[in-house]
Structure formats: structure tokens, C-alpha cells
Amino acid sequence: MRNYWSLLPAIAVAVVLILLYAVPTLINPQWTTTVLGLFKQHPEDADPAGQRLSPKRIQSRRMLAGLLVVVALALVGFNISLNREANGCYQAATAWGAVEAPPEGNKKRTSDDPCITMIYGTFIGDGTGTVGQDKPQPVETYQLMGDKKPKYLKWIQNRPSYDDGDLLIGVEADCALDLKVEQLEDKITAVVDRAQPCPVDDEISLTAIKLKEPLGDRKLVTVDGKELRQINPDMDSWPTVLKKLITGG
């Protein structure tokens, strides 16, 4: 997973420098002017009267300092937000199985950014069609899109629109075209229309399925009536990410 915490040292330095100037200026702009005057090439030649700030300049200095404090907070918020979404994306990839170690001999490998490179919206196939195999292959997992839209979708390639479907079904990339979803009155059936198991893969294709009727009490099942496992990967809360930021977790 890409380490966005590596931005923290640079952001921390920028925030400290901003606060070293902004906080004293907010308290008393004259202090800042006096201290900065000490760093002039010939401070003894400076006119003390000329360094005294007028009320208008004091107000403008405080407004500038306040703006810098807002910038500092924005930098911290940017780092928290970036890590929050990156971590949430990684959790989604893990839930779909995209970060499992590839089998021996498989040339594909896990990625630092699995949500970006190893799960993506289905390019071909939408789950429609009839099942032709007598013994199709099972589907393992699904996710409801519902009212709480999965935010990690905006990071993946060929992302399905939130309006494209009511649930997501993920299968190995090579099997996406063979996914078949049948919507019945009492259940929804999802299978892979293949005689042989899908090749073990660490890339997952997500197909958005639009329900003809609300899901209600219907169960999602696969081969032999086995229920699909519902996943609900979500982002850490802001307080959780802030805690990790402070503790370095």
C-alpha cells in the first residue's frame, strides 16, 4: 500500500513554521515585528518609531496570521483525508481478496495500491444471460451499494457509477464475462458459468447489478444454495486516522 504517511514530516515542518509566526502574531503583532527586526543586518540603525504598528497594520497582520493558521489546519486535514481514503481503499481490496498472495508460478503479484491496480469495474459483461453449464462455479462475495455509497469506487479503474446498480459482485478478472445473476421472487442467484473453477487470481472485477425489485428479505445465493458472504469495507473515522497520525500508527 502506498505510504501517504511519508508526507507527514514535510507537513509537520510546514505547520510548525507557520505556527511559530502565526500564534505570536495573533497574540501581539508588535512582538513579531520586534523579533523580526533583530534579524536585520544593522538592527541598531532601525528607527523604533518606524517599527511601531498602526491599528490598521495590527489588524491586517492578525488577519494574515489567522489565514496561515487555517492553511496549517488544511495541510493536516489534507494528510488525514488522503490516508483515510487510501486505507479505506486498501481495506476494500483486502475484503474482495485482491491482496491475497498469488499462487506459486503466477506471474501476477500483489501491489502497493491494490485498490487502484487490482480491483476494477467490469469491462465486459453485466451479469445478464442464462446459465449454460450443468455445474457452474460458485461466487463468494457481494457488497450492497445502498444509501452508503462505497467511496473507494472513485479510486478504481473503470469505476461503476453509484447509479449503475444496487449491489456489487466481485469475481476473478478472467471470469467476469461468465458471471450470471438471476433475480427471482424469493432469492437472487449468482454463479460463474464455467465448467472448471476460475484460475486463482489476485485481480478482482466488480460488476454492478441493478435490482429489478428491492432486495427485501431475499437472500443472495450461489451454487448449491450457499449464501454469498456480504462485505462492507469502510473507511476509518477521522478521529481514528488522527490518532494514527499522532501515534505514527
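Among contacts in the protein chain (heavy atoms within 4.5 Å) between residues at least 6 apart in sequence, 77% join residues at least 24 apart. The structure is a predicted model, in which local features need pLDDT of at least 70 and side-chain atom pairs count only at pLDDT 80 or more, whereas totals for chains, interfaces and linings use all residues. Residues are numbered from 1 along each chain as its sequence is written, and side-chain values use heavy atoms, with hydrogens and water left out.

## Overall composition

The secondary structure of the protein chain comprises six helices and nine strands. These elements are DSSP runs numbered from the N terminus, with helices (H or I) of at least four residues and strands (E) of at least two. Of the 249 residues of the chain, 38% count as buried. Buried denotes under 20% relative accessible area, exposed over 50%, and partly exposed the range in between (1.4 Å probe, protein chains only).

## Sheet

Five strands form an open sheet in the order E1-E7-E4-E3-E9, and the pairing is mixed. Two strands are taken to pair if DSSP finds at least two bridges between them. The edge strands, each pairing on one side only, are E1 (119-121) and E9 (229-230).

Strand E3 (residues 141-144) takes part in both senses of pairing. With E4, the sense is antiparallel over four bridges; with E9, it is parallel over two bridges. On the E4 side, threonine 141 stands opposite glycine 170, and glutamine 143 has leucine 168 as its bridge partner. On the E9 side, tyrosine 142 stands opposite glutamine 230.

## Nonpolar cores

In soluble globular proteins, nonpolar side chains tend to be buried together. A nonpolar core is here a set of buried Ala, Val, Leu, Ile, Met, Phe, Trp, Tyr and Cys residues joined through side-chain atoms within 4.5 Å. The largest such core has 18 residues, of which Val139, Ile169, Val171, Val181 and Leu220 touch the most other members. Strands E4 (167-172), E5 (179-183) and E6 (187-192) are the elements that give two or more residues to this core. Another core, of 17 residues, lies apart from it and includes Trp96, Tyr152, Leu153 and Ile204.

Valine 171 also illustrates contacts between separate parts of the sequence. Leaving aside neighbours within four places in sequence, valine 171 is in contact with Val139, Ala176, Leu179, Val192, Glu203, Ile204 and Ser205.

## Largest pocket

The largest pocket has a volume of about 310 Å³. It is lined by 19 residues, and Pro138, Val139, Glu140, Gly170 and Glu172 lie nearest its centre. Helix H4 (55-96), strand E2 (137-138) and E4 each give two or more residues to the lining.

The pocket search uses a 1 Å grid over the protein atoms alone: a cavity is a set of points where a 1.4 Å probe fits but cannot get out, and a pocket is an open set with protein on both sides within 12 Å along at least five of seven lines, while lining residues have an atom within 4 Å of a point. Grid points are joined across faces, edges and corners, and a volume is the space filled by probe spheres set on the points.

## Salt bridges

A search of the whole structure finds two salt bridges, each defined by a side-chain nitrogen of Lys or Arg within 4 Å of a carboxyl oxygen of Asp or Glu.

| Aspartate 178 | Arginine 194 | 2.7 Å |

Arginine 194 counts as partly exposed because its relative accessibility is 25%. In the other pair, lysine 219 is partly exposed at 47% relative accessibility, and glutamate 227 is partly exposed at 45%.

## Positive phi values

Most residues other than glycine have a negative phi. Asparagine 158, however, has a positive phi near 50°, and aspartate 224 has a positive phi near 65°.

Asparagine 158 lies in the loop between E3 and E4 and is partly exposed, with a relative accessible area of 39%. Not counting residues up to four places away in sequence, asparagine 158 touches Gly121, Thr122 and Phe123. The C-alpha atoms of asparagine 158 and leucine 206, 48 residues apart along the chain, are separated by 9.7 Å.

Aspartate 224 lies in the loop between strand E8 (219-221) and E9. Its relative accessibility is 80%, so aspartate 224 counts as exposed.
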